[in-house]
Amino acid sequence: MNETSTHTPHRPRSVPVLQTVALLVGSAISTWWLTYTRPEEVAAAEGFPFPEADYAIDPLTLPAWAETLLGVGALLLTVTMAILLVRAVTGGRLAPRWGLVILLLTPIPMMGGVWWMIATAAGIGANIGLGLAAMTFGPAILILLVAAAGTAILALRTR
């Protein structure tokens, strides 16, 4: 018996799950890349010597070309996976409720990418933005996770 003919879109198959994981990973990296400013540029713009820069978390030392390659690759991965998942929902291969679960989960790694950018930003003294991001992102992530879990439970119960 052909598996695709007996599959109901109520439970996600492995392909949309892998596409969702790729979407979430890609969105975290691409969001970091889109919001990131190299520490040397921050130091020059804010008027302090680069060697005096402080970091909440020391950034990874990647050459500019590697950052660009990583960011562009992640952005392409994110856009491609988003298109494939939208096509899966509109084509009936993935139930719309699972599409909603994915939609609710997607901002979480994006907030993670912004948080990482803030945490690794060059500055002098305290990184106030990191504290503000933690206070804002924490409750937002909790709300999104609860909403996604509730939607997933409803999607599993609906037949």
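Mentor: The mean pLDDT of the protein is 88, with 90% of its residues at 70 or more, where pLDDT is the predictor's confidence in each residue, from 0 to 100. This is a predicted model, in which local features need pLDDT of at least 70, side-chain atom pairs count only at pLDDT 80 or more, and totals for chains, interfaces and linings use all residues. Residues are numbered from 1 along each chain as its sequence is written, and side-chain values use heavy atoms, with hydrogens and water left out.

Trainee: Where in the protein is confidence lowest, and where is it highest?

Mentor: Confidence is lowest in helix 1 (residues 3–6), with a mean of 49, and highest in helix 4, with 96. Helices (H or I, at least four residues) and strands (E, at least two) are DSSP runs, numbered from the N terminus; the protein has seven helices and zero strands.

Trainee: How should I read the packing of helix 2 against helix 4?

Mentor: Two packed helices are described by the angle between their axes and the distance between the axes. Axes are lines fitted to C-alpha atoms, for helices over the stretch in contact, and angles run from 0 to 180 degrees between N-to-C directions. Here the axes of helix 2 and helix 4 come within 7 Å and cross at roughly 140°, which makes helix 2 oblique to helix 4 (angles under 35 degrees count as roughly parallel, over 145 as roughly antiparallel, 65 to 115 as roughly perpendicular and the rest as oblique).

Trainee: Which residue classes make up the contact of helix 2 with helix 4?

Mentor: That contact has 16 nonpolar, eight polar and one charged residues, where Ala, Val, Leu, Ile, Met, Phe, Trp, Tyr, Cys and Pro count as nonpolar, Asp, Glu, Lys and Arg as charged, and the others, Gly among them, as polar.

Trainee: Which residues of the largest nonpolar core touch the most other members?

Mentor: A nonpolar core is a set of buried Ala, Val, Leu, Ile, Met, Phe, Trp, Tyr and Cys residues joined through side-chain atoms within 4.5 Å; buried means under 20% relative accessible area, exposed over 50%, and partly exposed in between (1.4 Å probe, protein chains only). Of the 25 residues in the largest core, Leu94 and Trp98 touch the most other members. Helix 7 (128–157) is among the elements that give two or more residues to this core, and helix 7 gives the most, with seven residues. A second, separate core of five residues includes Val42 and Phe48.

Trainee: Is Ala119 buried or exposed?

Mentor: Ala119, in helix 6, is buried, with a relative accessible area of 0%.
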